Amino acid sequence: MTGKPSYPSGRTVRIGAGAGYSGDRIEPAVELAEHGALDYLVFECLAERTIAIAQQARRRSPEHGYDPLLEARMTAVLPAALRNGVRIISNMGAANPLAAARKTAEIARRLGLGNVRIAAVTGDDVLDVVLAADATFEETGEHVAAFRERIVSANAYLGASAIVEALAAGAQIVLTGRVADPSLFTAPLIHEFGWRMDDWDTLGQATVVGHLLECAGQVTGGYFADPGYKDVKDLARLGFPIGEVSSDGAVVITKVPQAGGQVTPATCKEQLLYEIHDPQRYLQPDVVADFSQVGVEEEAPDRVKVVGGRGAPRTDTLKVSVGYVDGFIGEGQIAYAGPGAVARARLAADIVRERLAITGVATSELRFDLIGMNALHGETAGTRHAEPYEVRVRVAGRTASAQEAMRIVNEVETLYTNGPAGGGGATKSVREVLAVQSVLLGREHARPTFTFVEAQDEAA
């Protein structure tokens, strides 16, 4: 490429973040749709493990596998969004974007919203390719073939291209599966400003925009507050952020005035560094972003300008998250309180440890924690503080079968009548473990495309 491309100037695109994870609050998104004067509202709802769980749901029922809160979110936000001309982009399609689009069309019909153009982006499911390839996991070097019978999903991180195409074709709502988080925000900017897909510096700055917004309330003071050190007002009414983006990618992060929380250089800097391994080479499917020269400046209260993102050509491979069944975890808990609570809790843990050895419970991992004393930082943390008045014992073990995991938790429960005095509030649970590792796959193996589902067509 030669020279700097010329893009439309004198206008901004307003993008709101409607969610930062699958179970996020819904009210802040409705607030943005109603009062944010947005062009786009983006819901980022998909984690690596989330999509493996969604794939399991789809296997049980072909019309499921999308985000469990999709119906509640769309029901709440669609009327205001469509009334105000706000286009919606989300990875709530998870393992089944087409089913998510059909469900959204059904909601639009039920709400009487007219002919809504909904696009489903597919192409991230590369399970067949991964199973056929001689691949190894990046994290451990193990051969994927050794896990073949346990693998439930393999989803490539797609970039912005198919979303851009869907928007150009007139989509009002775009629902995707596994797309890189920043790409959900980069796509509408590419569409609106006509950016080239090889304008690496602009795409690098666009990735800065997406990264700042993708975790929603984190950049407006959530996950930031620390009373007495970093105080944030009105967190119970925390508002989600808006990015005002100009044609060169420069962004002002802000929020609606009535919302709780705050936007400051500090909140933006913390989010900018969140989950970044190498700030000079943040690998994304659209670009290798460089955050090392980013500048953050407060323009006014709750208005922070961020510029300086750069980029280099994208890699030839895509990251693929491979989910597989990795046994079961049995977890039992019981609480002790009052004088001598810690000594009784330690005795309870010792009893369970011995019982598991006597009965021959087979575990690949086993841990005993006193919550509030050593569960996070080990035994040394508890010695620096006065003995607590109450403590909770947690025993957790990984096993090959659910039946074996149940034997662990039953031993904890029997402490009610077979352990130290005063045990109470026992709980027990057994859950299947879905582990995730990564492989790199040539991007030619992922073929993103989009399909329209129109609300009126669905009614016919």
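A salt bridge here is a side-chain nitrogen of Lys or Arg within 4 Å of a carboxyl oxygen of Asp or Glu. The views below come from a predicted model, where local features need pLDDT of at least 70 and side-chain atom pairs count only at pLDDT 80 or more, while totals for chains, interfaces and linings use all residues. Residues are numbered from 1 along each chain as its sequence is written, and side-chain values use heavy atoms, with hydrogens and water left out.

**View 1**
The size of an interface is often given as the accessible area lost when the parts come together. Here about 430 Å² is buried between domain 1 and domain 2, and carbon and sulfur atoms give 61% of that; the area is what two parts lose on being put together, summed over both, with a 1.4 Å probe. On the domain 1 side, look for Arg49, Ala52 and Gln56, which supply 81% of the area this domain buries against domain 2, more than any other three residues. As for charges, there are 0 salt bridges between domain 1 and domain 2. The interface does have 1 residue pair in polar contact, with both residues at pLDDT 80 or more. That term means a pair of N or O atoms within 3.5 Å; within protein, one must be able to donate a hydrogen and the other to accept it, and residues adjacent in sequence count only if both atoms are side-chain atoms.

Strands (E, at least two residues) and helices (H or I, at least four) are DSSP runs, numbered from the N terminus. Strand β3, residues 87–90, is covered on both faces: Arg87 and Ile89 are buried on one side, Ile88 and Ser90 on the other. Buried means under 20% relative accessible area, exposed over 50%, and partly exposed in between (1.4 Å probe, protein chains only). Strand β2 (residues 40–43) pairs with β3 in the parallel sense over 4 bridges, and pairing takes at least two DSSP bridges. Phe43 has Ser90 as its bridge partner in β3. Strand β6 (residues 173–176) also pairs with β3 in the parallel sense, over 3 bridges, with Ile89 opposite Val174.

The whole structure holds 25 salt bridges.

**View 1. Asp369 and Arg394, a link between strands.**
Their closest N and O atoms lie 3.1 Å apart in a salt bridge. Asp369 belongs to strand β15 (residues 365–371) and Arg394 to strand β16 (residues 390–399), so the pair ties together parts 25 residues apart in sequence. Asp369 is buried at 5% relative accessibility, whereas Arg394 is partly exposed at 21%.

**View 2. Glu404 and Arg407 on helix α12.**
These side chains form a salt bridge at 3.2 Å, N to O. Both sit in helix α12 (residues 402–413), 3 residues apart, about one turn of the helix. Glu404 is buried at 16% relative accessible area, and Arg407 is partly exposed at 32%. Elsewhere, salt bridges with shared partners join Arg14, Glu244, Glu299 and Arg303 into one network.
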